[in-house]
Amino acid sequence: MKRKLKIALASVLSLATVLSATACSQTESQPDVTTNPDFLPLEEYISTIVDSYKSKLAGGPNADIKVEKKIKWLSHWAIDETQASAVLFKQVYGIPEEGNQDYGQFANSIFEWKNVSYADRYTQLAKDVTNGDSPDIFQFEIINFPYTACKGLFQPIDDYIDFSNELWAPNKEVMEQFKWDNKNYCAITTLNIDQVLWYRRSVISEAGLTDPYELVKANNWTWNTFLEMCDKFNDPEAGKYCIDGYQVPDKFVSTTGVPLIEIKDGKLTNNFYNSDIERCMTTVIDTLYKENYRYPRHELNGWSTNPAAWAKGDILFLAGLENDIKDSFQGYFKRFKWEDGDLFCVPFPKDPNSDKYYQSMKNDSFMLCGGAKNTAGFAAWNLCCMAVAYDKEGGKVSREQLKTNYLGYTDEWFDWLDEMKNGGMFTPVFDFKGGIGQDIVDGNDAKNPVDGIVQIPYIDCLDKDGNPATFSTVRAANEGIINARIDDMNSGKL
């Protein structure tokens, strides 16, 4: 049964204000709807798996989906309709309302894309839901979940997708960690490393350091070896720093295996007093600050990261996304004429006290918006995404597509990425600290309690009383408001 969404206008406008405060850790872009040319080898390969896909759905509630309307997609980026999941969708379900000129540039597209800036995406979503013009899908973001579900911007999806189907077997266990109030909101299709540490091998070599990739392979890429490398490279007087990027302390905390806030049995709980988190904060994060290893962006670059300084070799590591090769680094390849294989990445280093390699992971999924009408399109799209997510043969074809269209991709890098993501190297960690409402989360300010707990000691800010901040002092000052919000969300009072 379709869930009817009823949200008072004042409540939604208030929610929009809260969510629009979200810290932007991504670069806004205005991409074309489809940026790549048709890649015939991918089209041909997908045609060979259509029958298998249909047979896996046969006899179940998702077997006879018919998608009659274009899928309304609200985002600051366009979905590339030449990727494998979109090609499968077209071959199985067709292009909804194909050729309908009422859709303008989207007449021959699966998606009707409503382009919105990154900063305004939740404000627009709240307005559209309130006005009865809800988009169908919206990208999952852990930085606002489950707060957005509590507020009705998204709805449960168990009535529309059959998660007992074998397609979902690879991610069923992980999906349990995302259930809110014992309902599924996230059709998790793939898990990606939340952030990697990008570096240039030539910079590492010129500094007389060991390639971090070799340290990972030798099971010796730990907090200790990372800090030793920082000590040898760092020279602030010469403008040399060791690490830059957003959310660096958060990702180090995740390597303990303990998130600051997690969902257990469908409810939120905080781990602020966990001894492993305290150990990470008082060793790694304190050292990065006290030794001035981290790039002091608050002092030198107006609180922004400085990827250009990293690209020139003045910063050793840049924390970023796996897709940064094509989304952020293409200009550097052309400008600096980097050789193939020079750019590489490793995960955040392992906690030396842990018997497992924990890593913050990113859940790729699409949410069903509150009031969305095209539930068939939502289900079909997610099924197609899941069908190709772990298809190794299709992955090889997609690999060649990326190598054809972008600089910097090598087989070595693809093999390494596949090993990190699918080789069982990591135990995934998911931190829902951002999901209790951006009004008390958005970081780098003692007035915003959650991010401040790890960010303020890292960047050397004062606490709200004007005293030098430590993990324990910021935690003590802010845990009351955090626990009150968690209690409200768990009890359904929001």
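Which residue in β13 is the bridge partner of Gln-359? That partner is Pro-428.

1. Basis of the notes. The model is predicted: local features require pLDDT of at least 70, side-chain atom pairs count only at pLDDT 80 or more, and totals for chains, interfaces and linings use all residues. Residues are numbered from 1 along each chain as its sequence is written, and side-chain values use heavy atoms, with hydrogens and water left out.

2. Strand β11 and its partners. Helices (H or I, at least four residues) and strands (E, at least two) are DSSP runs numbered from the N terminus; two strands pair if DSSP finds at least two bridges between them. Strand β11 (residues 358-364) runs parallel to β13 (residues 427-429), to which three bridges join it. With β4 (residues 190-193), β11 pairs in the antiparallel sense over four bridges, and Leu-191 stands opposite Asn-363 in β11. Because five of its seven residues are buried, β11 is largely enclosed by the rest of the structure. Here buried means under 20% relative accessible area, exposed over 50%, and partly exposed in between (1.4 Å probe, protein chains only).

3. The four-stranded sheet. An open sheet with mixed pairing has the strand order β6-β9-β5-β10. Its edge strands, each pairing on one side only, are β6 (241-244) and β10 (343-346). The twist averages 25 degrees from one strand to the next; axes are lines fitted to C-alpha atoms, for helices over the stretch in contact, and angles run from 0 to 180 degrees between N-to-C directions. Strands β6 and β9 (residues 315-320) run parallel and are joined by three bridges; Asp-244 stands opposite Leu-318 in β9. Helix α19 (residues 411-422) lies across β5 (196-200) and β10, at about 10 degrees to β10.

4. Glu-322. This residue lies in the loop between β9 and α15 (324-327). Is Glu-322 buried or exposed? Glu-322 is buried, with a relative accessible area of 12%. Beyond its neighbours within four places in sequence, its contacts (heavy atoms within 4.5 Å) include Trp-198, Trp-413 and Leu-417. The side chains of Glu-322 and Lys-421 are joined by a polar contact of 3.4 Å. A polar contact is a pair of N or O atoms within 3.5 Å; within protein, one must be able to donate a hydrogen and the other to accept it, and residues adjacent in sequence count only if both atoms are side-chain atoms.

5. Helix α18. The buried residues of α18 (residues 392-405) are Gly-394, Val-397, Arg-399 and Gln-401. These buried residues pack against α2 (40-47) and α19. At the start of α18, a side-chain oxygen of Asp-391 reaches to within 3.3 Å of the backbone nitrogen of Glu-393.

6. Aromatic pairs. The structure holds 40 aromatic pairs. Rings of Phe, Tyr and Trp (its six-membered ring) pair if their centres lie within 6.5 Å; planes under 30 degrees apart count as stacked, over 60 as edge-to-face and the rest as tilted. Phe-140 and Phe-178 form an edge-to-face pair, 5.7 Å centre to centre with 75 degrees between the planes. Phe-140 lies in the loop between β3 (137-139) and α6 (147-150) and Phe-178 in the loop between α7 (172-176) and β4, so the pair ties together parts 38 residues apart in sequence.

How values were computed
The expected span of a helix is 1.5 Å times one less than its number of residues.
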